[in-house]
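Subject: Structure for your files

Hello,

Please find the structure below, followed by notes on what was found in it.

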Amino acid sequence: MSIINFAVIGYGGMGSYHAHNLIPAESTRFHVVGTYDISGERQQISKGKGLHIYESLDEVLKDGNIEAILIATPNDSHKEIAIRALRAGKHVVCEKPVAMNTDELDEILAVVKETGNVFMVHQNRRWDPDFLIIRQLYQNKTIGDIFQIETRVQGANGIPGDWRHLEKHGGGMLLDWGVHLLDQLLWLVDSPVQSVHSDLSYILGDEVDDGFMSYITFENGVRALVEVGTTNYTKLPRWYVKGLEGTAKINDWDLSGEIIAATGRKDVAAPTPIQAGVGLTKTMAPPSEEATEKLAFPEPKADFVPFYQNFYEVVREGAEPIVKNEEVRKVLKLIDDIFESCHKG
Ligand code: NAD
């Protein structure tokens, strides 16, 4: 099958990662030809790495040798670049968040429909090993039916970079990390969202949120707490998940943590009361030894192919995209609702 030639628009942190790591990882399918970035400095770095430098987006779009483009510019520019690229006959991979809001996304999707070109959003955290473990626990009911999910990312370095501090560029943590955690959650729990309560934080005094907490209830009864923080000097676990027959905790990206499952044995001794602070408790005492067992995490395996392999198969073979535009829209609509609810109090 023939190679797909890519151009990267926005050769910053993520654009260069796509150009040198993600796209070349599928080297029998893709070739990165060149880049376009509004920053001369970034263009020079790209040139130094042997990539072709385009002087404008128009020049990229007029190049008949380019079949697909990757958009890795600040969030407010995704829509215009995507629409122009699709109209120029290119397939598009777009970084997350796909756009600033669902109205913008709907404009893009209208052009996708009109042109028939492929448009896929890089919701790459569906492939994260920690998420793949949680997904297997959820699907295989390893700890019984999961009814509560806490998913968090917490840093202590504030909002990074420049444009992420500004509303006009689509800055803030809900659009940045929130879109990842909400995408994972909505993909995991296959049930409509029933209610959302959220709180954006502005601790650092920026015009955009530096973190948020959302409490989401799904129609199937699953409840989730989603939290992003940038002022956390010590962290809570990345995942804390409760099932009817056990509890799982993944501490961090290193996949440390534990699964404690109920053995279901009937003949176990009652827990012994413990001294707790200045009081006594049986309720909060550890279960007796025979009542629980420690289980190993499953291998973090995906039952779906890597992102760029899937993109290739979608373009060349008409395969089903793993990241579907209607799923991306659902997440963005939820983000719209969270912003609206928080801004209107
Ligand atoms: P960045 O600031 O490092 O890079 C952005 C680059 O785009 C800069 O070099 C800038 O000069 C260039 N640029 C700005 N406007 C442009 C335009 N109109 N045309 C061409 N170039 C332009 O930002 P980043 O961290 O790389 O983020 C870029 C995008 O990637 C954002 O949408 C972000 O949310 C996303 N991202 C995704 C992940 C992920 O894991 N999926 C991780 C980081 C960033």
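**Ligand site**

An N or O atom in the side chain of N75 lies 2.6 Å from an oxygen atom of the ligand, where a polar contact is a pair of N or O atoms within 3.5 Å; within protein, one atom must be able to donate a hydrogen and the other to accept it, and residues adjacent in sequence count only if both atoms are side-chain atoms. The protein buries 81% of the 840 Å² that the ligand exposes when taken alone; accessible areas come from the Shrake-Rupley method with a 1.4 Å probe, and for residues only the protein chains shown count as cover.

This is a predicted model, in which local features need pLDDT of at least 70 and side-chain atom pairs count only at pLDDT 80 or more, while totals for chains, interfaces and linings use all residues. Residues are numbered from 1 along each chain as its sequence is written, and side-chain values use heavy atoms, with hydrogens and water left out.

A backbone N or O atom of M14 is 2.7 Å from an oxygen atom of the ligand, and a backbone N or O atom of K96 is 2.7 Å from an oxygen atom of the ligand. The shell around the ligand holds 25 residues, the closest being G13, M14, D37, N75 and K96; a residue counts as near if one of its heavy atoms lies within 4 Å. Two or more residues of that shell come from each of α1 (13–22) and α7 (173–188). Helices (H or I, at least four residues) and strands (E, at least two) are DSSP runs, numbered from the N terminus.

**Backbone geometry**

Most residues other than glycine have a negative phi, and most peptide bonds are trans. The peptide bond from K96 to P97 is cis, with omega near -15°, and P97 is in the loop between β5 and α5. K141 has a positive phi, near 55°, and sits in the loop between α6 (129–140) and β7 (146–154). L255 has a positive phi near 65° and belongs to the loop between β12 (246–250) and β13 (257–262). L255 counts as partly exposed because its relative accessibility is 25%; buried means under 20% relative accessible area, exposed over 50%, and partly exposed in between (1.4 Å probe, protein chains only). K141 is also partly exposed, with a relative accessible area of 47%.

**Helix α4**

Leaving aside neighbours within four places in sequence, I83 is in contact (heavy atoms within 4.5 Å) with E107, I108 and V111. The buried residues of α4, among them H78, I81 and L86, pack against elements including β1 (4–9), α3 (57–62) and α5 (102–115). Just after α4, G89 has a positive phi of about 90°.

**Whole chain**

The protein chain has nine helices and 16 strands, and its C-alpha trace spans about 75 × 50 × 40 Å along the principal axes. Of its 345 residues, 50% are buried. Among contacts between residues at least 6 apart in sequence, 70% join residues at least 24 apart.

Regards
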